[in-house]
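This report goes through the fold, the strand pairing, the nonpolar core and the ligand shell of one protein. The sequence and the model come first.

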Amino acid sequence: MLTLPPGIIFDGTLEEVANGGENVWLPYDRKKLYTNAFIIRNGKLLLGYKKRGFGKGLYNGFGGKVDPGETPAQAALRELKEESGITAPLEHCGVLFFVVPDIDHAFHIDIFRAEEYDGTIIETEEMRPQWFALPNADAPTQDEQKDLQPIPFDHMWKDDVYWMPLLLASRHFLGRADFDTEGNLKKWWFGAVPQTPVDSR
Ligand SMILES: COc1nc(N)nc2c1ncn2[C@H]1C[C@H](O)[C@@H](COP(=O)(O)OP(=O)(O)OP(=O)(O)O)O1
């Protein structure tokens with residue numbers, strides 16, 4: 001039986017994917033709801049370079065705070081449109097929980113993905129969208145990938161390297177990461193819903 005980090009609630013079976021850092025989770029008083037949405041299409045991942053605010057200078061999915069009266073799914077669609085100009089049939093695929101010193105709340109982030117989108121991707125006040133090549137993409141997609149850089153983990157939040165492979169593999173995942181004031185990871189845990197075994201009969 002796994003002991004989940006404080007802030008992570010899940011009623012079901014999970015397999016541990018990554019676990020490390022210090023012994024004790026940081027305390028937090030309250031949490032705020034956020035969203036983060038990723039478009040994964042033809043061997044490519046769409047990220048945005050954050051031009052202002054929290055996480056400025058890092059690449060991330062498109063998202064932000066859930067407004068009062070909104071569901072996370074509604075907020076995810078609104079934020080994707082506001083930050084990249086597109087709409088997409090987003091599917092919920094994960095929950096991440098982050099604690100950052102000097103921020104007066106913990107981040108509870110619902111993660112969404114889509115493999116289709118509608119509209120024209122545009123740069124906005126908050127985000128500069130950019131496609132990146134997926135690792136190990138299938139041969140038929142390589143033409144589309146040939147001028148693209150790999151996913152820029154050196155310029156992303158340091159937790160992303162643990163759960164991004166789960167997102168790209170269409171897995172459902174959960175996790176928590178605690179940071180220091182410089183954005184370094186202090187403690188982390190990530191888990192995924194086990195994949196259904198293929199019936200070999
Ligand atoms: C701390 O670790 C984090 N890692 C990752 N990968 N993503 C994170 C982390 N902390 C926050 N995020 C995500 C969650 C949201 O998608 C954004 C932050 O949203 P923002 O502060 O920009 O919210 P908005 O409502 O868009 O803000 P404005 O009031 O500026 O419009 O980062």
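How many helices and strands does the protein have? The model, which is a predicted one, contains 3 helices and 9 strands. Along the sequence these elements come in the pattern β-β-β-β-α-β-β-β-α-α-β-β. The radius of gyration is 17 Å and the globule rule for 201 residues also gives 17 Å, so the protein is as compact as a globular protein of that length. The C-alpha trace spans about 55 × 45 × 35 Å along its principal axes. Of the 201 residues, 32% are buried. Among contacts between residues at least 6 apart in sequence, 66% join residues at least 24 apart.

Strand 2 and strand 3 form a hairpin with 2 residues between the strands. In this hairpin N42 has a positive phi near 50 degrees.

In soluble globular proteins, nonpolar side chains tend to be buried together. The largest nonpolar core here has 44 residues, and the members that touch the most others are A37, A76, L80, L90, F98 and W163. Elements that give two or more residues to this core include helix 1 (72–84), strand 5 (91–99), helix 3 (160–168), strand 8 (173–179) and strand 9 (185–192). Strand 2, strand 3 and strand 6 are also among them. Which element gives the largest share of this core? Strand 6 does, with 6 residues.

L90 shows how parts of the chain meet in the core. Leaving aside residues up to four places away in sequence, L90 touches A37, A73, A76, L77, F112, R113 and A114. Two of these partners, A37 and A76, are named with L90 among the core members that touch the most others.

**Ligand shell**

Which residues are closest to the ligand? They are G63, G64, K65, F98 and W157, out of 17 residues that surround the ligand. By class, the shell has 8 nonpolar, 6 polar and 3 charged residues.

F98 is listed both for the core and for the residues closest to the ligand.

Notes:
Residues are numbered from 1 along each chain as its sequence is written. This is a predicted model: local features need pLDDT of at least 70, side-chain atom pairs count only at pLDDT 80 or more; totals for chains, interfaces and linings use all residues. A residue is near a molecule or strand if its C-beta atom, placed from the backbone, lies within 6 Å of it. Ala, Val, Leu, Ile, Met, Phe, Trp, Tyr, Cys and Pro count as nonpolar, Asp, Glu, Lys and Arg as charged, and the others, Gly among them, as polar. Helices (H or I, at least four residues) and strands (E, at least two) are DSSP runs, numbered from the N terminus. The radius of gyration is taken over C-alpha atoms; the globule rule is 2.2 Å times the number of residues to the power 0.38. A residue is buried if 20 or more other C-beta atoms lie within 10 Å of its own, exposed if 12 or fewer, and partly exposed in between; C-beta atoms are placed from the backbone. Two residues are in contact if their C-beta atoms, placed from the backbone, lie within 7 Å. Two strands pair if DSSP finds at least two bridges between them. A nonpolar core is a set of buried Ala, Val, Leu, Ile, Met, Phe, Trp, Tyr and Cys residues joined through C-beta atoms within 7 Å.
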